[in-house]
Amino acid sequence: MSEDPMTNQPTPNQPKINHDGFEQEDLSSRSALYFLAGLVLVGLVVYLIVFGMYRFLDSYETAHQPPLSPMVTPQADTRTVTPENAETFPQPRLEENERTQLRSFIEDQDRKLATYDWVDKDRGTVRIPIDRAMELIEQRGLPVHAEGASSAQSSAAQTSAPVKKQTPKASTRKVAASGK
């Protein structure tokens with residue numbers, strides 16, 4: 001198979017095969033371990049070089065900063081944040097705990113959807129629960145404004161589509177519901 005037919009010697013480019021049909025020259029585990037050790041060593045050397053470079057540049061920057069004016073008061077380091085001053089940062093802020101913050105937001109929205117409250121007390125605008133609003137729309141129908149109805153009829157006339165007219169019963173129900 002891997003022998004030269006003339007000399008019955010294995011060819012130099014093909015691996016030697018033993019009587020079980022397996023190669024005799026496998027990659028040794030020792031060479032793989034040497035490679036991994038070399039890789040770790042190179043990574044460690046690169047880390048130490050970069051660490052030393054950043055440390056040198058940081059000390060160089062602090063040593064060569066211009067002196068502060070006596071008129072300027074030194075400000076606090078804003079790179080460290082404590083929970084007490086987290087509220088002073090502008091929006092948007094990072095979330096501290098996504099699940100609890102989202103849960104409290106959803107609970108607040110659900111509470112708003114289920115309760116009565118003033119939106120604008122001076123104008124008499126009230127927020128009602130969504131279930132009650134759906135019941136009122138089901139009973140009274142959606143409000144129709146005079147401007148919207150006339151513009152809808154004029155646009156329907158331009159497109160030559162048939163305009164659906166209200167029955168007298170439906171129009172009296174809307175007048176009664178609006179309180180006129």
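This is a predicted model: local features need pLDDT of at least 70, side-chain atom pairs count only at pLDDT 80 or more; totals for chains, interfaces and linings use all residues.
Visitor: What makes a pair of side chains a salt bridge here?

Guide: A side-chain nitrogen of Lys or Arg has to lie within 4 Å of a carboxyl oxygen of Asp or Glu.

Visitor: Why is the pair of arginine 127 and aspartate 117 called a salt bridge?

Guide: The closest N and O atoms of arginine 127 and aspartate 117 are 3.4 Å apart. The cut-off is within 4 Å, therefore the pair counts as a salt bridge.

Visitor: Why are arginine 127 and aspartate 117 called partly exposed?

Guide: Arginine 127 has 25% relative accessibility and aspartate 117 has 38%. Buried means under 20% and exposed means over 50%, so both residues fall in between and count as partly exposed.

Visitor: How do you know that arginine 111 forms a salt bridge with aspartate 108?

Guide: Their closest N and O atoms are 2.2 Å apart. That value is within 4 Å, so the pair meets the criterion.

Visitor: Where do arginine 111 and aspartate 108 lie?

Guide: Both are in helix H2 (residues 98-114), with three residues, about one turn of the helix, between their positions.

Visitor: What makes glutamate 135 and arginine 132 a salt bridge?

Guide: The closest N and O atoms of this pair are 3.4 Å apart, and the limit is within 4 Å, so the pair qualifies. Glutamate 135 and arginine 132 are three residues apart in helix H3 (residues 130-140), which means a separation of about one helical turn. Glutamate 135 is partly exposed at 41% relative accessibility, as is arginine 132 at 33%.

Visitor: How much of the chain is buried?

Guide: Of the 180 residues, 3% are buried, that is, under 20% relative accessible area. The chain exposes about 17400 Å², with carbon and sulfur atoms supplying 59% of that area.

Notes:
Residues are numbered from 1 along each chain as its sequence is written. Side-chain values use heavy atoms; hydrogens and water are left out. Buried means under 20% relative accessible area, exposed over 50%, partly exposed in between (1.4 Å probe, protein chains only). Accessible areas come from the Shrake-Rupley method with a 1.4 Å probe; for residues, only the protein chains shown count as cover. Helices (H or I, at least four residues) and strands (E, at least two) are DSSP runs, numbered from the N terminus.
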